[in-house]
Amino acid sequence: ITHKFPEGFWWGSATSATQIEGAAHEDGKGLNIWDYWYEKEPNRFFDEVGPQTTSDFYHTYKEDIARMKEIGHNSFRFSISWSRLIPGGEGEVNEKAVTFYNNVIDELLAQGIEPFVNLFHFDMPLELQEIGGWENRKVIDLYVDFANKAFGLFGDRVSKWFTFNEPIVPVEGGYLYDFHYPNIVDAKKAFQVAYNTMIANAKAIKAFRNHSIKDGKIGIILNLTPSYPRSQNPADLKAANIADLFFNRSFLDPAVLGEYPKELIDVLKEHGHLPTVEAEDKQLLKENTVDILGVNYYQPRRVKAKESLPNPYGPFMPDWFFDNYEMPGRKMNPYRGWEIYEKGIYDIMINLKENYGNIESFISENGMGVQNEERFLKDGRIEDDYRIDFIKGHLTWLHKAIHEGCNAKGYHLWTFMDNWSWMNAYKNRYGFFSVNLETKERTAKKSAYWIKEVAKNNGF
Ligand code: BGP
């Protein structure tokens, strides 16, 4: 074993409610924006199945958790669906949902797997989106009520909690670049939404502290994309810095340090895009920072200075300041088209160590999406050596970061079994297990056997 990880390292995988549960209309669940977008409003981008067609974890959790145990997971992340626990987003809890999440938690604990519970993974209850979603401060209070109820119901057995997964994604998709419902393109609203989610994060943390959960820790999960400049020219460096401010630090700084970077405030002020704030917000943010940070890492961001000046009369957008840059010779995932840059994981960790108080963290998502993965079927199982190499490459850099004093506690793959995705349905497969969508049969891929050994040896 050349790469041994610290004792108690968390090996596992990550999922989200909308992507695995299915049972979208069962047992009193309300609609969320994804149910609506795919079922009720013709999705104008894709001709794909919606979140009612999933691996059906709602009914198969018991066998799936046994599979997790079988491949050596000691931890597993799932999310609680707000619209399942509180249909409509407001009011009484749905007892059937309480039973389901209780069963999942109890089953995980019975198998020796620690539940990591996330509260919001892109799945706004439809009724709350209709009153403006995160644009509306009332939704913050309803979210805190939801969080409080979840802490109260499950906090006796769950100690690791997360407020949000990738809060920037609903901002980018729903308010800037038009790829998620509600398909608004308006940077002013986008910054308000981004800001309000961080207020919701702080308020949920504050509520969490009143629950005295044993060994309780609360965190946030951010997709950090290290922002690499094309060159060391001042203009390229500036472009990379601005991209970093918008896409990483606008969440990382308030979550971990309790305040926004001054440079970001200056840019927003200059362009008249400062969000509306309330008097007590500043103190609230300062006093309620996270205990732990989940880092989702898939690919870096490479940028260069803008080649042509943006139209000063056009609507303000973050990409006024930079262009994306495709580095010649970069390594690509040939089966999906994202860049693979394993060292990014190390750069993120060193940044957290040097600039964010070496906050306790873990890799909460990392993974390789592959199209038409059945082409790698051999004797009934998918021989995903490329995924093993991918994970190994990232773990090697994570191991080095830990060796240099970074406070990283675990690695979760995206994802446990092939699941439904927001934009691509089942096109990109990520799981340790493949899923036959007709029979719902699960089959372990080669990587599942490999990770089992890694977990057993706590290294490779
Ligand atoms: C992350 C999300 C996940 C998951 C993953 C893979 O951003 O947190 O929900 O979907 O990306 O991306 P995709 O499904 O688009 O391939």
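Tutor: Happy to; what follows is a set of questions and answers on this predicted model.

Student: Let's start with the barrel. In what order do the eight strands close, and is the pairing parallel or antiparallel?

Tutor: The order is β1-β2-β3-β4-β5-β7-β10-β14. From one strand to the next, the twist averages 25°. As for the sense of the pairing in this barrel, it is parallel.

Student: Zooming in on strands β4 and β5, which residue is the bridge partner of Asn165?

Tutor: Strand β4 covers residues 160-165, and strand β5 covers residues 217-223. The two run parallel and are joined by four bridges. Asn165 has its bridge partner in β5, and that residue is Ile221.

Student: UniProt places an "active site" feature at Glu365. Is Glu365 buried or exposed?

Tutor: That feature comes from an unreviewed UniProt entry. Glu365 lies in strand β10, residues 360-365, and β10 is one of the barrel strands. The cut-off for burial is 20 or more other C-beta atoms within 10 Å. Because Glu365 has 24 C-beta neighbours inside 10 Å, it counts as buried.

Student: Now the ligand. Which residues come nearest to it?

Tutor: There are 14 residues around the ligand. By class, this shell has three nonpolar, nine polar and two charged residues. Those that come nearest are Ser16, Glu166, Gly369, Ser421 and Asn428.

Student: Why is strand β8 described as largely enclosed by the rest of the structure?

Tutor: Strand β8 spans residues 301-305. It pairs with β6 in the parallel sense over three bridges, with Ser227 opposite Arg301. On the β9 side, three bridges join the two strands, which run antiparallel. The description of β8 as largely enclosed follows from burial, because four of its five residues are buried.

Student: And which residue in β9 is the bridge partner of Ala305?

Tutor: Ala305 takes part in the pairing of β8 with β9, which is antiparallel. Its bridge partner in β9 is Phe322.

Student: I see a cis peptide bond between Tyr181 and Pro182; what is its omega?

Tutor: Look in the loop between α8 (168-176) and α9 (187-209), where Pro182 lies. A cis bond joins Tyr181 to Pro182 there, and omega is about 10°.

Student: What about the bond from Trp414 to Thr415: cis or trans, and what is omega?

Tutor: Thr415 is found in the loop between β14 (408-413) and β15 (428-429). Its peptide bond from Trp414 is cis, with omega near 15°.

Student: Asp178 has a positive phi although it is not a glycine; is Asp178 exposed or partly exposed?

Tutor: Phi of Asp178 is about 60°, and the residue is found in the loop between α8 and α9. Since Asp178 has 14, it is partly exposed.

Student: Last one: what is phi of Ser212?

Tutor: Ser212 lies in the loop between α9 and β5. With 8 other C-beta atoms within 10 Å, Ser212 is exposed. Its phi is positive in a residue other than glycine, with a value near 35°.

Conventions: Residues are numbered from 1 along each chain as its sequence is written. This is a predicted model: local features need pLDDT of at least 70, side-chain atom pairs count only at pLDDT 80 or more; totals for chains, interfaces and linings use all residues. Two strands pair if DSSP finds at least two bridges between them. Axes are lines fitted to C-alpha atoms, for helices over the stretch in contact, and angles run from 0 to 180 degrees between N-to-C directions. A residue is near a molecule or strand if its C-beta atom, placed from the backbone, lies within 6 Å of it. Ala, Val, Leu, Ile, Met, Phe, Trp, Tyr, Cys and Pro count as nonpolar, Asp, Glu, Lys and Arg as charged, and the others, Gly among them, as polar. UniProt positions are given in the numbering used here, feature names are shortened, and annotations may be inferred rather than shown by experiment. A residue is buried if 20 or more other C-beta atoms lie within 10 Å of its own, exposed if 12 or fewer, and partly exposed in between; C-beta atoms are placed from the backbone.
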